[in-house]
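Here is a short briefing to read alongside the model. Take a moment with the view below, then follow the notes.

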Amino acid sequence: MPSVTMGLADPATYADGPPHAEFARRRREAPVAWVEGVLLERHSGGSAIVQRQDGYWAVTRHRAVIEASRAPEVFSSSARGPFLADPVSRGDLERNRQLLAGMDPPEHTRLRRVVTSVFTPATARRMRESIVDHAARVVARAVAGHEVDAVAAIAAELPLLVLADLLGIPRQDRGLFLQWSNHLIGFDDPAFGGGDVAVVNRTFVEAFAYAIEAGRAKRRRPAEDLVSRLVTAEVDGRRLTETEFCHLWLLLVVAGHETTRHLVSGGLELLAGRPDLSNQLAGRPDLMAGAVDEMLRWVTPIMQFRRTAQREVELDGTRISAGDKVVLYYISANRDESVFVDADRFDPGRSPNPHLAFGVGPHFCLGSHLARLEATTLFQELAPHLARLRPTGPPLRLRSNFMNGLKTLPVTFG
Ligand code: HEM
């Protein structure tokens, strides 16, 4: 096991995938340990800017991630926002605080109630038929070609189609969702956001303009979709404001497909490189629900979220001061050997599988039902073809310290 201390904040650290050996060392030797602040070179339009990122406590064990997640009064998502990157301005902080993931009770409780009242497990179940339909078409197209980029053709395509249906937006606009999400989540990747703050600002403006237009149209003619239900829902006698709706929209558009994309592409990367596993799952749709949960643990698409300590507190034996930045590494918790037997082995039949890929506590992912349904359906459709799945070149990884993702994955199905 290497004893080097890697810069967990540096997107370059994740260039070949998450540093699992380093996380294992931290879980063993320093489960809540300080990561030094860094200076990041960014730019805005043509001008270079250097952003100082504060140091933080990296929380790496399963139990401690749960403990901190369940105590929002101590570990706040709102105080300095939910992201590892420190807000660059007051406006940036306020924008992060408008996102559901960047709120604390009571604001969080109220807004979350609006969403859960209209986006329920039953909403996902009602979409089952159309998801099966989309998945069958996506798979048929992908396996027909000689070589295919599994990210674009499979992993991105299904969640985008499903998201468009869920929101009630024309399917041909799904390319916009992909573009906005790539610009925001791919901020540190030269192929997407390119570290350009102006790109982020432009993306917010474009996505909000689209949301306002879509919201107005749905208010005029409501239908059975999520946007219609969000713009007409009332909680405590009041509707969502336009600002609340726009931020929810953006969170749903990004969280609603990018994560599932990387779950599927990570799962496909694993299976393409492990014929023993793809043979085991080939023709066994009954194993897919368990296999998808193990993929969630294995890939952990969202590697971390950030909190800020509201008072001095002890976590996993370490004293944390009020105001300190605390980062919860789900990617590490999901390989915690004190919870998962043979944690570095992919076991499609693993049960129980208490992974934290969807987070835990009051911010637990609202789309977990939909994500599980999409991924399971897709791998069930892929089951007859899995025995012929092979990589045809190396994948390109997303440069990110937040999302464990692939940009391309060239494969063939025979
Ligand atoms: C594999 C797929 C997915 C993964 C791994 C994932 C992961 C997560 C995680 C880790 C959080 C916790 C945030 C925190 O603690 O601060 C979260 C929250 C959230 N997710 Fe997901 N997600 C996925 C799919 C989805 C989908 C499909 C949707 C919607 C259609 C969605 C909507 C949300 C929303 C709205 C929140 C914020 C909840 C809150 O702050 O109360 N997610 N997700």
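Helix 14 covers residues 288-299, 12 residues in total, with helices being DSSP runs of H or I, at least four residues long, numbered from the N terminus. From first to last C-alpha, helix 14 reaches 15 Å, close to the 16 Å expected at 1.5 Å a residue; that expectation is 1.5 Å times one less than the number of residues. This is a predicted model, where local features need pLDDT of at least 70, side-chain atom pairs count only at pLDDT 80 or more, and totals for chains, interfaces and linings use all residues. Residues are numbered from 1 along each chain as its sequence is written, and side-chain values use heavy atoms, leaving out hydrogens and water.

- Because 10 of its 12 residues are buried, helix 14 is largely enclosed by the rest of the structure (buried means under 20% relative accessible area with a 1.4 Å probe, protein chains only).
- Among the buried residues of helix 14 are Asp293, Glu294, Arg297 and Trp298.
- The buried residues pack against helix 12 (258-273), helix 13 (275-281), helix 15 (330-333) and helix 16 (368-382), where contact means heavy atoms within 4.5 Å.

**The whole chain**
- Buried residues make up 56% of the 414 residues in the protein chain.
- Of the contacts between residues at least 6 apart in sequence, 69% join residues at least 24 apart.
- The C-alpha trace spans about 60 × 55 × 45 Å along its principal axes.

Notes
Helices (H or I, at least four residues) and strands (E, at least two) are DSSP runs, numbered from the N terminus. Buried means under 20% relative accessible area, exposed over 50%, partly exposed in between (1.4 Å probe, protein chains only).
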